[in-house]
Amino acid sequence: MKTESKKTLFHWIAFLLLALILFFSAATLAVKNAGNLLVGFIEDQAVPYVLKTDDVAMGCVMAESLTLLIPSLAQVNASPYKLAVMFDFLSGSCAEFKAWEEELRYLRAVYIKNAIEAQDARVSQKRYLNLAASRQLKGYFNLQKAYSETFDANCPKLESWNDEFYWLIGLMDGLQAVLNDLASGGNANVPLDISLKVGRGAGCLDNEKWWGVPAAIQAAIWVNFPSYKPDDIEPLVILESAVQTGLRQGVRIAQVVAAKIYIGLGDSESVKKIIRDNVNTRLTVDTHADFIFLDEVARIQLQAISDHMWTGATGKRTPMGSFGSFWDDPKNTLDTIDIVDIL
């Protein structure tokens with residue numbers, strides 16, 4: 001081969017190698033930018049849009065479909081951990097919903113004295129609670145990853161509304177993970193010291209701005225783990241104030257925390273009052289337009305508590321149109337059978 005031809009071939013090879021290097025560099029940059037753009041779009045557009053909707057069942061489908069996908073964006077140098085906090089919270093809640101249905105099956109079996117059905121339902125309930133706890137624990141660990149540089153400090157740098165929102169959801173992940181793990185028999189192996197960290201983290205948020213939820217979380221920690229409680233604090237007083245804050249603002253998440261606390265204390269009358277207040281305030285205080293989804297989740301959780309109480313007493317869940325009333329109310333007419341309900 002002539003020397004000139006060799007030089008020409010060398011130049012072409014060098015050109016092709018350079019072109020390939022530039023192509024792969026551009027492709028890598030494009031993939032990285034695409035990951036960041038996708039995370040940014042979901043955080044800034046998709047999540048606020050979902051929060052304004054009221055179809056929680058559809059939110060479950062979305063969350064359970066995307067929960068595994070979101071963390072994979074870390075492989076293209078995006079930072080999806082805040083989003084993962086939210087999706088783990090939602091998918092964990094979906095598992096809780098299924099656990100509630102199994103609990104109702106258990107209560108109906110107990111009511112008709114079917115021991116085998118009751119045992120099976122209890123096992124199924126604990127499995128779903130274990131799944132919920134596992135998902136919520138992942139959400140809490142993703143919160144740690146999202147704020148890894150400042151997580152062990154007294155308070156992280158919460159520089160935007162988004163930062164505060166995801167911090168709050170991550171704390172709720174941690175609290176629910178602990179409580180659901182305890183209810184499932186501890187199979188998810190959620191460290192109990194998360195409770196202390198969640199209580200401390202709640203103090204990093206403005207209680208009024210976030211519908212009383214931070215104070216409600218702290219009250220829940222102090223009631224369930226009294227050794228963490230400061231001597232000069234009365235948790236139930238703080239809890240009631242937190243509930244009223246949420247009621248005034250039309251985001252009633254603190255009520256759910258309060259209801260679960262009173263259930264643990266065996267105070268069914270306080271639980272009934274919370275449910276009645278939820279129904280009554282909806283007549284006078286509109287749900288915050290930007291957080292319809294969260295308020296609807298709270299309503300569904302309170303309805304599940306109502307169903308639990310009704311089923312334990314009567315063998316069936318809250319009748320249609322009766323949310324906010326109870327079987328033992330003075331003017332209740334439960335003996336009248338509605339053919340529409342049967343059909």
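I looked up the largest cavity and found 17 residues lining it, of which Phe89, Met172, Gln176, Ile253 and Gln301 lie nearest its centre. The elements giving two or more residues to this lining are helix H4 (81–111), helix H6 (161–184), helix H8 (213–224), helix H10 (253–265) and helix H12 (292–314), where helices are DSSP runs of H or I with at least four residues, numbered from the N terminus.

I note that this is a predicted model, in which local features need pLDDT of at least 70 and side-chain atom pairs count only at pLDDT 80 or more, whereas totals for chains, interfaces and linings use all residues. Residues are numbered from 1 along each chain as its sequence is written, and side-chain values use heavy atoms, with hydrogens and water left out.

By cavity I mean a set of points, on a 1 Å grid over the protein atoms alone, where a 1.4 Å probe fits but cannot get out, and lining residues have an atom within 4 Å of a point. A search of the whole structure gave me two cavities of 30 Å³ or more.

For the largest cavity I recorded a volume of about 180 Å³, volume being the space filled by probe spheres set on the points, which are joined across faces, edges and corners. Its lining comprises 11 nonpolar, four polar and two charged residues.

I then turned to the second largest cavity, which holds about 50 Å³ of space and is lined by Val56, Gly59, Cys60, Leu90, Ser93, Cys94, Phe97, Phe293 and Val297. Helix H2 (56–66), H4 and H12 each supply at least two residues of that lining, with the largest share, four residues, coming from H4.

Terms used: 1 Å grid on protein atoms, 1.4 Å probe; cavity = no way out; pocket = protein on both sides within 12 Å on 5 of 7 lines; lining within 4 Å. Nonpolar A, V, L, I, M, F, W, Y, C, P; charged D, E, K, R; others polar.
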